[in-house]
Amino acid sequence: MQHSQSAVSNEQSATIEVRPSNTARVEAFSDAVMAIAITLLVLEIRLPEDSDESLLHQLLRLWPSYLAYVASFLTIGVIWLCHHNFFARIRRVDGLLQSGNLLLLFCVGFLPFPTAALAHHLEGSPWDARVATAFYGIVAAVQAGAWIVMWVALRRNPSLFEPGYDAAFVRSESRQAWVGFIAFDIIAVIALASPIVALILYVLATLAYGITSNGLHLLRRS
């Protein structure tokens, strides 16, 4: 009798599968990480201590911090908008999609560090400014790579989608992620020659990515 029960138990264990889970917890956790990261950005904007300069002069000298803050705020803002639109189309998440989302959140949570490096070194030595700006671009490229992983998850398991989205939509959005990944890598290389030009290109590329990633496929249909 015990042998029979054990055999049934083993058979049931063998048939247990990990089912895709609801997106609610993933979205709530993601929103929390992005909210914390976007709040931490402003902590790097600080007036110098024990300065004899006028307040106006001190405020003007903080322009690298302002520039870095704007770039990173826009980056996280665009990520949040794209993330919201992404999960509006998803009804379930599996392991690969969760892994891609965690990689994305890793980049978002890490972003205050390259932002601080950029703010502190953009007006310093030319080489440090180039390295800081290139480093910022590498983090942006990894962030775009996280989107690639997430779209791969949907290509492998289209049942995670809400009704109305197909393989053609996934291919279109995947191309956008790849374009972003390549663009940020190229801009990182440009940063080694001209940090300011690269930083402007980062902002433009981020805005362009946010506009196009809402779905060129849907725009063509509308």
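## Ground rules

Buried here means under 20% relative accessible area, exposed means over 50%, and partly exposed is anything in between (1.4 Å probe, protein chains only). This is a predicted model, so local features need pLDDT of at least 70, side-chain atom pairs count only at pLDDT 80 or more, and totals for chains, interfaces and linings use all residues. Residues are numbered from 1 along each chain as its sequence is written, and side-chain values use heavy atoms, with hydrogens and water left out.

## Overall layout

The protein chain has 10 helices and 0 strands. Helices (H or I, at least four residues) and strands (E, at least two) are DSSP runs, numbered from the N terminus.

Of the 222 residues in the protein chain, 40% are buried. Take the contacts (heavy atoms within 4.5 Å) between residues at least 6 apart in sequence: 78% of them join residues at least 24 apart. As for surface, the chain exposes about 12,500 Å², with carbon and sulfur atoms supplying 65% of that. Those areas come from the Shrake-Rupley method with a 1.4 Å probe; for residues, only the protein chains shown count as cover.

## Ala71, on the inside

Ala71 sits in helix 4, which spans residues 63-88. Ala71 counts as buried because its relative accessibility is 4%.

Leaving aside residues up to four places away in sequence, Ala71 touches Tyr136, Leu199 and Val203. Then there's Tyr202: 131 residues from Ala71 in sequence, but 7.5 Å away in space, C-alpha to C-alpha.

## A nonpolar patch

The patch covers about 780 Å² and is built from Leu47, Leu55, Leu59, Trp63, Tyr66, Leu67, Ile196, Ile200 and Leu204. Patch members have over 30% relative accessible area and no salt bridge; like charges are joined within 9 Å, and nonpolar side chains (Val, Leu, Ile, Met, Phe, Trp, Tyr) within 5 Å.

Trp63 is a handy one to click on. Trp63 lies in helix 4, and its relative accessible area of 34% is why it counts as partly exposed.

## The salt bridge

The structure holds 1 salt bridge, meaning a side-chain nitrogen of Lys or Arg within 4 Å of a carboxyl oxygen of Asp or Glu. The partners are Arg61 and Glu53, with 2.9 Å from N to O. Arg61 is partly exposed because its relative accessibility is 46%, and Glu53, at 26%, counts as partly exposed too.
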